[in-house]
Amino acid sequence: MADVSGTELSEEKETKIELKKRQKRPWDDFHRSGKIRLAAELPETLGFFDISAVKREQQELSADPSLTRFICAELTRGYFLEHNEAKYTERRERVYTCMRIPKELEKLMIFGFFLCADAFLYIFTLLPLRVLLALLRLLTLPCCGFSGSRLLQPAQVCDVLKGLILVLCFSMMHYVDYSMMYHLIRGQSVIKLYIIYNMLEVADRLFSSFGQDILDALYWTATEPKERKRDNIGVIPHFLMAVFYVFLHSILIMVQASTLNVAFNSHNKSLLTIMMSNNFVEIKGSVFKKFEKNNLFQMSNSDIKERFTSYVLLLIVCLRNMEQFSWNPDHLWMLFPDVFMVVLSEVAVDIIKHAFITKFNDITADVYSEYRASLAFDLVSSRQKNAYTDYSDSVARRMGFIPLPLAVLLIRVVMSSVKVQGALSYTCVLLFYLGMVTLKVLNSIVLLGKSCVYVKRANMEDKLFEGPLTAPSSSSKSPAKADPRKCAKPSGESSIDQVPATPCSPPISSPSSVTTQPAPRADWFPPPPTDASPATAAGSPPTTEPQSDADPPTASPLKDEEADDASETNHRAPNKDLLEIDRFTICGNRID
């Protein structure tokens, strides 16, 4: 039995050896001997090795390389893309991102457009009513008795100031002749007008950046608590400065509208073509630069503002042209192709610009939903109890869109283009005003509902009931200079997110509605320090913040700056960074 089993095993071994010899590849001997290299000499086809080609190579080793061999190798050479799967997957995702950009960008643009429209309609609809209510309160206050500490609420003071600025600037704009300005611009050459239009765009950005600061300074100077009545005199120079700014900005926008009107009425449309090509020059100046998430947010806000402003300028151009042709509907249809071409160029340039910026900087298309949530947060937070600004002012800060100069110009053009005579005309004006109020209310309701949905999706509901966000340069870089009277939060949050309040109050509970009336502060001035506060401050153990703020004696200044920058970036959340950035905040080393 042992002999039989041994013979069977030997037979099995022999059969295996024979099978190996049959299956032996002809190039194994060359690989072992090292005479030829497998990777360099073996022609690889799509999925298999050509054995006949290997034998042919063995026969022609001694011969010189020929053109036929090179062509055969090029025709039968293969490769496998899965050898670098990560690279090709990344390229495919970039293509998918570029295909998603138009949809996500237009969602942001449409939402931002209606935000600007809401702030712009507020000037014509609700602001006059609020000014009337404030004036009515001033007139009826002596009859009702002086019970409060203020004649008007801070919001009413700001409304009255806005109304006075509108009235004064509108009366000053009557002395500016639109027709003379139009013919003065029309007499210039095409190249000169092109240069003037580019200069006007730069001036508009500079005016917007400085103008909102002027208006904010006026509002705060007029509403801040004052110990003496003579301190109210400081409102007058701020008010005159604000009127002067709005008037100059209105003239600037009027020159822009006149230049665009000249381009529409030119015979060969050469100026309009040059102005449209200026949008494509913007692609060259933006695409091939490094962009971060915050820079792209600024550019998106700028694009929203520019698109809305261009639509209002097109409306002014159509009104002026229809007035010149006695409101002939046929001329309106003649203007539509040019208007459509300008709008289409704006949309195409924005899509191409954002698509390639996101491609070159590896930014996903989901970032536009974060931008939309940040804009929605401004709208929802302006309806909270801790609201510190009006929504139209927050839009002006975030996007650089200031509706006052544009509203003054539009009122000036409409009043000069439309003649109101007779009772029927006044009835039509009243109906038109009621329609605008209805449109404003419906737009606000829809925007508020959409904004609540966007804020909830972004998990930003908790930030609605916190204090107003401060600039990172004043909080994170100098924590030792912060207000020591800070209330510790019961939830155990870090001291970075604490909001100074005097006196300490419990955290605000979530209200049932987002349209609650904001409550004033309990004390306008901080209480004077008592005798117990120095003792408690001296007896209290040192906190961790001053210890971390103290510099070690052996550390170099360069390392300290790097550590501060690193800690600053670590403490910031991405959504919080977006909420702290407006149109004219320097992100990195640039403003986009």
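Guide: A residue is exposed at over 50% relative accessible area, buried at under 20% and partly exposed in between (1.4 Å probe, protein chains only). This is a predicted model, in which local features need pLDDT of at least 70 and side-chain atom pairs pLDDT 80 or more, while totals for chains, interfaces and linings use all residues. Residues are numbered from 1 along each chain as its sequence is written, and side-chain values use heavy atoms, without hydrogens and water.

Visitor: Is aspartate 362 buried or exposed?
Guide: Aspartate 362 sits in the loop between H14 and helix H15 (367-381); helices are DSSP runs (H or I, at least four residues) numbered from the N terminus. Because its relative accessibility is 53%, aspartate 362 counts as exposed.

Visitor: How many salt bridges does the structure hold?
Guide: A salt bridge needs a side-chain nitrogen of Lys or Arg within 4 Å of a carboxyl oxygen of Asp or Glu. Among the pairs is aspartate 362 with arginine 94, at 3.3 Å from N to O. The number in the structure is 16.

Visitor: Why does arginine 307 count as buried?
Guide: Arginine 307 is part of helix H13 (residues 293-324). It counts as buried because its relative accessibility is 6%.

Visitor: Which parts does the pair of glutamate 106 and arginine 307 tie together?
Guide: The side chains of glutamate 106 and arginine 307 form a salt bridge of 3.2 Å, N to O. The two residues are 201 apart in sequence, so the pair ties together helix H6 and helix H13.

Visitor: What is the relative accessibility of aspartate 350?
Guide: Aspartate 350 also meets arginine 307 in a salt bridge, 2.8 Å from N to O. Aspartate 350 lies in helix H14 and arginine 307 in helix H13, so this pair ties together parts 43 residues apart in sequence. Aspartate 350 counts as buried because its relative accessibility is 3%.

Visitor: Where is tryptophan 327 found?
Guide: Tryptophan 327 counts as partly exposed because its relative accessible area is 39%. It is found in the loop between H13 and helix H14 (329-360).
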